[in-house]
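Here's a walk through one protein chain, taken piece by piece.

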Amino acid sequence: MSKKIIASILMLCMVSSLLCSCDNKKESTSSQQGVEQTGFAYEDPLSVLDASQSKDKYRNVYELLLYTYCDSNGDGIGDIQGLISKLDYLNDGDPNSGDDLGVDAIWLLPFTQANSYHKYDTLDYYTVDAEYGTMEDFKELNEQCEKRGIKIIMDLALNHISSQHELFKKMCEEVAQGNTEGYAQMFSLVNSEDKPPYFAGVPDAENWWYECNFMPSFPELNLSSQMTRDEIEKIVKHWTEAGVDGFRLDGLKYYTSVNKDSTDKTDSVEFLSWLEQTAQKYNPDVYFVGELWDSSTNIRNHYESGIDSLFNFDGAGSTGKFANAIQTNNVFKLLSSMQRFQDTVLERNEEYIDALFLSNHDQVRIGTSLKESQQRKIAAALYMLTPGNSFIYYGEELGMAGSIPTQDASFRTAMIWRDSDDSDRTDPPPGYEVENIPDEGSVEKQLANENSILNFYRRLIKLKSINPEIARGRITNVISFDDGRQAAYVIEYNGVKKIVLFNISKDEVQLSLPDGTLGDIMLYGDLYAMNTSDSDKLDINGNQITMPGCSVIILGEKQ
């Protein structure tokens with residue numbers, strides 16, 4: 001054989017080998033819009049995509065009780081200075097640092113002067129309770145939050161006050177003297193020979209009764225009264241000027257108080273509309289979220305007021321839709337339900353922002369019913385990757401559990417910062433029976449474990465910041481597969497489409513997206529509830545997706 005022929009054969013072999021190598025090699029290119037899939041090679045979206053701080057009302061909100069969050073002075077009671085010391089844990093001001101939880105709003109449970117640890121029995125709406133600090137402390141908190149892009153949402157109980165409040169005392173004095181035209185206008189009163197249900201007697205005033213839906217020490221205000229509304233406007237003005245960015249409204253179900261001059265009740269939809277318009281005089285961008293613990297029908301109807309948000313109670317708790325999807329292995333049913341709810345609310349309020357949560361200070365913590373770490377993680381992904389605002393109850397990011405259903409104080413025990421020598425840790429609240437101890441350990445321990453629920457939350461929140469369309473968009477379709485344990489949202493916002501694809505089973509699955517769902521597919525985010533190393537099992541080949549068990553991915557088009 002001639003040397004030329006041999007050389008030609010060798011050259012053909014080299015070319016063939018090179019071509020085979022190129023065919024088998026997994027390549028990726030990245031851009032600011034996503035991780036491009038061209039012969040898939042995994043690249044962490046957090047390493048190539050930038051997050052930005054929210055400039056609007058869409059936020060990841062962290063609910064906390066100052067009393068049990070962080071103690072700065074060793075008296076066993078949490079306080080404002082303790083919270084200030086933990087702001088870098090919540091948000092260090094850099095959305096791309098990866099060193100914080102990443103929340104950009106805090107909802108402070110009541111902190112004004114009161115008799116109880118929970119502060120819902122308001123004695124004075126204008127002052128910080130001395131157990132928590134001073135107005136100077138609050139001013140410092142506001143300044144530090146502003147530096148980090150954190151908004152402050154104040155819990156405001158307007159439906160009732162303390163029976164020790166000066167306004168109530170003055171009302172009782174006047175009514176006992178036969179005067180029902182003064183402070184009596186501010187309260188829900190009736191004149192009757194028989195005591196109505198949920199009413200108590202006005203002292204020394206025969207046949208006069210005041211409404212108290214919770215207990216006699218919580219008299220209800222008459223929210224139809226102009227005198228009451230004038231006082232509420234002063235309160236809102238005071239705290240807005242002090243730096244509060246929004247208000248969580250307690251007990252909307254009880255806003256329908258009785259007017260003493262008739263059997264008419266307050267129109268709570270009208271009141272909410274008045275309140276929002278009034279607050280906007282002092283801050284045009286003020287945010288309101290209301291607690292209406294009632295049927296989804298009543299919640300939908302109250303969106304006609306124009307309120308920004310109402311808590312979506314159908315999704316929350318041990319029997320709520322998010323936990324139920326995991327317990328029944330049917331995520332498609334959940335996503336379809338969320339789209340139906342969205343569509344009915346949009347008919348009433350096109351600007352609404354859903355308020356989504358797993359549990360709060362009045363409920364057994366979600367970690368009690370979802371006992372496995374991957375269940376808690378998937379539940380977090382399900383609610384936080386549904387359009388709207390996410391509300392995280394403090395300690396939920398640790399998997400805190402152990403509550404007693406009839407024991408409110410046991411829902412509100414101390415945040416666990418360290419496993420030993422935890423000088424920041426507060427005492428439990430009065431009346432507690434069981435502390436909420438996280439299975440996976442303290443903040444300190446979980447930060448060191450890449451597979452902890454805390455680190456899952458941190459990644460989840462940063463992925464939301466990278467993909468702002470998810471919170472702000474609308475669900476335009478829900479994609480089903482052969483197994484109800486896999487399903488996907490199609491979310492669109494300002495012409496941008498994102499797919500949030502869930503696999504809540506523990507098994508690796510191969511899925512095929514419907515033709516035309518997306519063009520050139522990009523990976524915008526991924527989460528693994530069992531092990532972060534499962535990213536090695538992810539594969540994307542056009543519309544063909546291989547997903548590890550208990551995982552979530554976010555897909556979009558190349559921009």
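A crossing counts as left-handed if the near helix is turned anticlockwise from the far one by less than a right angle, and as right-handed if clockwise. Helices (H or I, at least four residues) and strands (E, at least two) are DSSP runs, numbered from the N terminus. By that handedness rule, helix 13 and helix 15 cross right-handed.

Bear in mind that this is a predicted model, where local features need pLDDT of at least 70, side-chain atom pairs count only at pLDDT 80 or more, and totals for chains, interfaces and linings use all residues. Residues are numbered from 1 along each chain as its sequence is written, and side-chain values use heavy atoms, with hydrogens and water left out.

## The chain overall

The protein chain has 16 helices and 23 strands. Its C-alpha atoms fill a box of roughly 125 × 55 × 40 Å along the principal axes. For 559 residues, a compact globule would have a radius of gyration near 24 Å, and the chain's 27 Å agrees with that. (That radius is taken over C-alpha atoms, and the globule rule is 2.2 Å times the number of residues to the power 0.38.)

## Two helix pairs

Back to helix 13 (residues 373-384) and helix 15 (residues 453-466): their axes are 10 Å apart and the packing angle is about 20°. Axes here are lines fitted to C-alpha atoms, for helices over the stretch in contact, and angles run from 0 to 180 degrees between N-to-C directions. The two helices are therefore roughly parallel; angles under 35 degrees count as roughly parallel, over 145 as roughly antiparallel, 65 to 115 as roughly perpendicular and the rest as oblique. Helix 13 brings Arg-376, Lys-377, Ala-380, Ala-381, Tyr-383 and Met-384 to the contact, and helix 15 brings Ile-453, Phe-456, Tyr-457, Leu-460, Ile-461 and Lys-464 (contact means heavy atoms within 4.5 Å). Sorted by class, that contact has nine nonpolar, no polar and three charged residues. Ala, Val, Leu, Ile, Met, Phe, Trp, Tyr, Cys and Pro count as nonpolar, Asp, Glu, Lys and Arg as charged, and the others, Gly among them, as polar.

Helix 7 (residues 226-241) and helix 8 (residues 268-279) also have axes 10 Å apart, with an angle of about 40°, so they are oblique to each other. Their crossing is right-handed. Arg-229, Ile-232, Glu-233 and Val-236 of helix 7 meet Glu-270, Phe-271, Trp-274, Leu-275, Thr-278 and Ala-279 of helix 8. That makes six nonpolar, one polar and three charged residues.

Eight strands make an open sheet in the order 13-12-11-7-4-3-15-14, with parallel pairing. Two strands pair if DSSP finds at least two bridges between them. Strand 13 (309-310) and strand 14 (355-357) are at the edges with a single partner each, so one side of each has no neighbour in the sheet.

Further in, four bridges join strand 4 (residues 105-108) to strand 7 (residues 151-156), and Leu-108 stands opposite Met-154 of strand 7. Helix 5 (residues 135-148) packs on this sheet and touches both strand 4 and strand 7, its direction making about 140° with that of strand 7.

Three strands form another open sheet, ordered 19-22-21 and paired antiparallel. Strand 19 (509-512) and strand 21 (539-541) are its edges, each pairing on one side only. Neighbouring strands are turned by 15° against each other on average, direction ignored.

Strand 21 is joined to strand 22 (residues 544-547) by three bridges. Asp-539 has Thr-546 of strand 22 as its bridge partner.
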